[in-house]
Amino acid sequence: MRLYFAPEEMTEFEAACGLLIHRMGRWADEHGERMDSFGVESALDYRFRGTPDGRLGLWEPRHVGEFLLEWSPRTVSLLPGDEPGDMPGTLALLLRYLDTVRLADPRGAPLAENLAAIDAAIPRYRPAMADRTRWGLAKFWLTTAAEQGTDVHDQQALHDFVERAQRGEVTYDEELLDQVMARDTHGPATEQRAEPQLPVALPAEDELRSLAAQSPLLARLRGITDWAGSEGRPVTATGNLRIADARSLVAALNTGDSCDGVRSSAQLPELGRTVEWAKKAGTVRIAEGRMYAVAKARALVNDPLALWRRTFDTFTDLRAPLVAPGSGWHLPSPLATGFGQVVPDVLNTLYGLPYPMPWPRLRDTVRGVYGEGHDTLLETIDRDLRHMLDALEGLGAVERFQGMAEPVFLEAPLGEVLEPPAGMPPELAELFGSLGGPAGAGASADASRDEITDGPVELIRLTALGHDSVRRRLLAEGRDAPLIGELTHAPAAGLLGVLADHYDPESARTELTAWTSARPDRAAALEQLTDALRFCPFRTRAEAMLEVLTDAHPDGERVARALRGDPLLGPTAISVLVRRRVLDAGDLTEPESLLMLAESLLQLVETAGQDGVLEMLAGQGGDTQEILRPALASGHPDRAGMEDLKEVADRAARGPAARVGRIHRRSGHEGMGKGHKRRR
């Protein structure tokens with residue numbers, strides 16, 4: 001069972017959600033706990049729909065607070081007379097279950113930290129649920145209908161209510177509706193799912209600090225700060241440097257500005273940008289006609305890496321000195337008006353790429369997203385994009401050089417979807433497919449492709465510092481940005497689970513090697529990995545974890561072969577070996593063939609649910625009970641799974657049953673439109 005699903009994998013998510021709730025219910029009964037299935041479903045639904053990363057097994061205190069105090073009040077509809085329920089207790093039970101069965105993502109917060117966050121939110125939970133201004137739009141209308149006597153479980157009654165509301169025949173709180181609508185476009189229920197990022201490798205902090213110290217821009221920022229000093233330097237009435245000071249700083253800081261014929265420091269773009277960046281980074285300030293070094297920023301100035309990160313984080317504030325909004329007869333720049341979004345988009349496009357991006361590919365991707373039109377507009381976009389890259393290169397966030405583009409960028413004309421090379425990991429294939437967005441058509445696209453194929457071209461990539469700071473921003477936004485080596489201290493089950501859900505094969509091998517190398521006893525480390533497989537209660541997840549181990553560990557195939565006779569893992573090992581064509585049907589003994597049949601059916605129950613299994617078997621013709629009988633007699637070691645399979649057989653014996661859909665108290669599928677788009 002996976003714990004990550006793309007937005008379009010709604011059916012797969014619902015099947016996993018149902019299985020998780022079913023198994024958790026059994027666990028709760030065994031431990032004398034009372035489980036609210038709806039509350040568990042709401043929590044999983046929040047992580048799937050309401051967050052940019054969609055990782056069901058990863059929870060942090062911010063997720064706890066957002067789910068209890070934002071998502072639940074917004075989406076969980078309480079009908080007249082209903083109590084809010086113990087959603088905090090339900091969430092605590094879910095997190096304890098995930099931790100117990102080793103499904104918790106090791107990159108999240110420890111269980112104790114999340115439980116403490118739940119305790120801290122409890123006093124605010126009921127007031128938040130009672131606060132009508134926190135409602136979502138769908139919840140507002142559903143509750144209004146119920147309060148006016150409409151049976152919200154009756155679809156026809158709801159339809160009639162909607163028609164009356166559209167005709168203006170329904171009274172409602174107009175002031176509250178205005179507040180709800182103002183709030184409805186923000187918050188977790190409308191969060192966009194972000195594109196998954198490939199794992200990256202980064203140097204240690206000391207090496208990053210050494211690289212930051214070499215940044216030409218940081219040298220200029222420190223020079224400006226030292227020049228301003230604690231006593232300050234006089235500036236003009238408009239806050240610009242005096243021309244004499246500006247001329248001396250151009251020479252001292254080697255900005256490259258030409259001072260010929262210049263009468264104002266505003267005519268020295270590179271120096272002006274450096275001064276503006278120093279102000280945004282907080283190392284200098286202007287007060288009472290003087291520019292001062294900020295005393296509290298001294299520690300920041302003395303730490304190259306801290307200063308580099310602060311400077312990078314303020315880059316989106318540099319719209320004015322980098323891109324011109326346009327005036328007079330000049331066209332406004334689309335990159336100027338959307339600068340705060342353009343910068344992250346460009347950086348996210350470059351992030352994690354295994355190959356440097358050719359300038360024509362990046363240029364045409366930006367053109368396609370931010371503006372198509374006549375040549376003058378496109379030239380304006382190109383100019384501003386180059387200004388952005390110039391500044392980022394000066395900081396040391398990107399590097400540009402001449403070279404031949406990698407073949408992957410030549411697979412299709414620009415403007416068409418790229419077909420990735422054979423054998424490329426699915427995650428990487430998806431990423432490269434997304435780079436073939438709109439980019440002009442016909443002769444223009446052909447001409448752009450010629451730029452790449454005719455010879456060396458300008459190539460662009462993020463530096464180590466650039467990757468580090470982009471990753472820090474992605475994490476701050478709640479996105480998944482895997483880092484090679486971050487799982488070194490993870491438990492074996494957490495390691496294999498994350499590798500199965502989020503890593504491409506090459507990165508998984510690197511990560512598993514780092515994990516194993518961090519343990520002095522290699523044999524004991526391998527035993528921990530196989531024990532993690534034995535403990536896994538879900539067949540599909542155990543197989544995915546063994547697939548990773550088999551592919552990523554040097555002794556992986558030997559381990560899988562050795563597990564063929566294991567009392568618990570035998571069926572999983574056989575399934576993996578058959579899938580990898582190490583074994584075929586003729587190599588299996590009769591008992592092994594029966595175990596394989598049972599394993600296949602158990603995995604089908606996990607991925608399709610009992611209803612899906614019944615439908616599939618009925619579609620094959622024949623007696624469903626007869627098909628299931630050999631599997632039930634196979635002696636498969638998964639007791640919980642075999643109980644589920646027996647329930648399928650019992651249902652088949654009772655004949656076709658009417659399906660009864662679950663009625664959800666949450667107010668519809670909020671966020672299904674915008675919330676299911678992806679951000680680069």
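Which residues line the second largest cavity? Its lining consists of Val101, Arg102, Leu103, Ala493, Ala532, Phe535, Cys536, Pro537, Arg541 and Met545. A cavity is a set of points on a 1 Å grid over the protein atoms alone where a 1.4 Å probe fits but cannot get out, and lining residues have an atom within 4 Å of a point. The model is predicted, with local features requiring pLDDT of at least 70 and side-chain atom pairs pLDDT 80 or more, whereas totals for chains, interfaces and linings use all residues. Residues are numbered from 1 along each chain as its sequence is written, and side-chain values use heavy atoms, without hydrogens and water.

The second largest cavity holds about 60 Å³ of space, a volume being the space filled by probe spheres set on the points, which are joined across faces, edges and corners. The largest cavity holds about 110 Å³; among its 16 lining residues, Leu3, Leu103, Asp105, Asp501 and Arg541 lie nearest its centre.

Turning to the aromatic rings, Phe, Tyr and Trp (its six-membered ring) pair if their centres lie within 6.5 Å; planes under 30 degrees apart count as stacked, over 60 as edge-to-face and the rest as tilted. By this rule there are 14 aromatic pairs. Phe5 and Phe13 are edge-to-face, at 6.3 Å centre to centre and 70° between the planes. The ring centres of Tyr46 and Trp59 are 5.9 Å apart and their planes stand at 45°, so this pair is tilted. Ring pairs join Tyr46, Trp59, Phe67 and Trp71 into a cluster.

Terms used. 1 Å grid on protein atoms, 1.4 Å probe; cavity = no way out; pocket = protein on both sides within 12 Å on 5 of 7 lines; lining within 4 Å.
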